Amino acid sequence: MSGLAMPKPDDATMRRRDEIVADMRIIVPGEGVVDAANSMRAFESDGLTAYRQLPLVVVLPQTVVQVSRVLKYCNDRNIRVVPRGSGTSLSGGALPLEDAVLLVMSRFNRILAIDFPNRVVVAQPGVTNLGITTAVEQEGFYYAPDPSSQIACSIGGNVAENSGGVHCLKYGLTANNVLGIEMVLMNGEVVRLGGSHLDAEGYDLLGVMTGSEGLLGVVTEVTVRILKKPETARALLIGFPTSEQGGQCVADIIGAGIIPGGMEMMDRPAIHAAEDFVHAGYPLDVEALLIVELDGPGVEVDHLIGLVEAIAYKNGSTTCRISQSEQERLSFWAGRKAAFPAVGRISPDYYCMDGTIPRKELPRVLAGMRELSEKYGLGVANVFHAGDGNLHPLILYDANVPGELDKAESFGADILRLCVKVGGVLTGEHGVGVEKRDLMPEMFTQVDLDQQMRVKCAFDPNHLLNPGKVFPQLRRCAELGRMHISGGKLPFPDIPRF
């Protein structure tokens, strides 16, 4: 796996594989257990396909009771478990482990309740993101967070990664749209956090779980809020001679107090790839393309379009198209939504990064990425959620060329270091997983990481859930309380110790 260090397989677990598989078949009968190597190939990686490994066994439960029994069984026998949704994660968060049960939640695929008066949907975690919108759109509602993979990614996976999308600038990430969850702890206990109400008292454990990347528990039910579709939505397609001008336009739009429904940016390589793939009518003579969507009452949208158009021309835009129909608006977005597969047509492989920066640093970071591209001799296509500074550089490489994957990984790591250097963060929505795991010390001190580890220990004291992810080193909870002796003397010797 390209030299990626993962937890050493537990020999005792490996020796008991046949017994574990047989017991899993009792807990999840029928076709819920997959143990043949060829059949498990479909689960050997997630969306970060550079890393792949077969699990010990694949288990696909259908009921909360089955999930609870699987986790309790594994907890009692010290067997590791890796939760998995649809497998669209781009950070290796669902990468299997050789000695771990891969717990796949895709059979939890029903919508349990739709409450239009209270604008709430209760869904099982295997329901796709787009599936929620499809279930409520006949009444004029939709679910706001819309990752590019929304046709395939599951709502449970969205909770695990705190996923965003092109409309997260105005309507928030998953964390801003999830009201409650049901989850199963590693010891088999079933817990409910939040509910159909807007706010809950006490500690924000729902916030802790959202974005926890499968390290704290397994989600078995999700309650989300749905929104009424806006009266009007129109988009502007704006081209610029340089990416820096496009970046400045983004900053000026937000600085003017305008919060678009979505604001996305693409550079020349991404523009050409998307246009060749989708034929959305993108201008090909620009270096940067900005898509700005404005929604709300028609009069307000018309007024804001005029303001945005003026800001764009002030920043040197050379082209500005305004959608005149719903079909045209959707065509503007079609290219952006298809940017990832489109780039796949111009390069044998690409490595999709995910970092977030302050908007004002966009020109500096884009210039820095061009320098890094020259340094590593690899191309890069940029698509990003410009409004909230969430970058998605796509590093182009060929895995068949010896050493190119390593170069791509080093290039990506330097991009993330640059993001942190300018005041940003390692991830905006893809998560840490294994991809950014060893970069965590770039952003957090050891004290910070220890405090995060204590939260992990409170939920999973034996570190059996998704080990080897997020934290740069695998440690036991007991190590957090170790006493450090200096010069043979105890610290604070006057304190009684038990």
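Modeller: Start with pairing: two strands pair if DSSP finds at least two bridges between them. Strands (E, at least two residues) and helices (H or I, at least four) are DSSP runs, numbered from the N terminus. This is a predicted model, where local features need pLDDT of at least 70 and side-chain atom pairs count only at pLDDT 80 or more, while totals for chains, interfaces and linings use all residues. Residues are numbered from 1 along each chain as its sequence is written, and side-chain values use heavy atoms, without hydrogens and water.

Biologist: How do you know that strands S8 and S9 pair?

Modeller: Five bridges join S8 (residues 178–184) to S9 (residues 190–194). Pairing needs at least two, so the strands pair. They run antiparallel.

Biologist: Which residue in S9 is the bridge partner of Met183?

Modeller: Val191. Five residues lie between the strands of this hairpin, and Gly188 takes a positive phi near 95°.

Biologist: Aromatics next. Why is the pair of Phe116 and Phe141 called tilted?

Modeller: Rings of Phe, Tyr and Trp (its six-membered ring) pair if their centres lie within 6.5 Å; planes under 30 degrees apart count as stacked, over 60 as edge-to-face and the rest as tilted. The centres of Phe116 and Phe141 are 5.3 Å apart and the planes are at 35°, so the pair is tilted. Phe116 is in the loop between S5 (111–115) and S6 (120–123), Phe141 in S7 (residues 141–142), 25 residues apart.

Biologist: What makes Tyr376 and Phe411 stacked?

Modeller: Their centres lie 5.5 Å apart, with 15° between the planes. That angle is under 30 degrees, so the pair counts as stacked. Tyr376 lies in helix H14 (residues 362–376) and Phe411 in helix H15 (residues 404–421), so the pair ties together parts 35 residues apart in sequence.

Biologist: Are Phe116 and Phe141 buried or partly exposed?

Modeller: Buried means under 20% relative accessible area, exposed over 50%, partly exposed in between (1.4 Å probe, protein chains only). Phe141 has 6%, so Phe141 is buried. Phe116 has 23%, so Phe116 is partly exposed. Tyr376 and Phe411 are both buried.

Biologist: How do you know that Asp146 and Lys337 form a salt bridge?

Modeller: The term needs a side-chain nitrogen of Lys or Arg within 4 Å of a carboxyl oxygen of Asp or Glu. The closest N and O atoms of Asp146 and Lys337 are 3.5 Å apart, so the pair qualifies. Asp146 lies in the loop between S7 and helix H6 (155–161) and Lys337 in helix H12 (residues 326–337), so the pair ties together parts 191 residues apart in sequence.

Biologist: Why is Asp146 called buried, and what is Lys337 called?

Modeller: Asp146 has a relative accessible area of 7%, so it counts as buried. Lys337, at 22%, counts as partly exposed.

Biologist: What makes Arg370 and Glu244 a salt bridge?

Modeller: The distance from N to O is 2.4 Å, so the pair passes the cut-off. Arg370 is in H14 and Glu244 in helix H9 (residues 243–255), 126 residues apart. Arg370, at 42%, counts as partly exposed. Glu244, at 26%, counts as partly exposed too.

Biologist: How close are the N and O atoms of Glu435 and Lys436?

Modeller: The closest are 2.6 Å apart, in a salt bridge. Glu435 has 11% relative accessible area and is buried. Lys436 has 0% and is buried.
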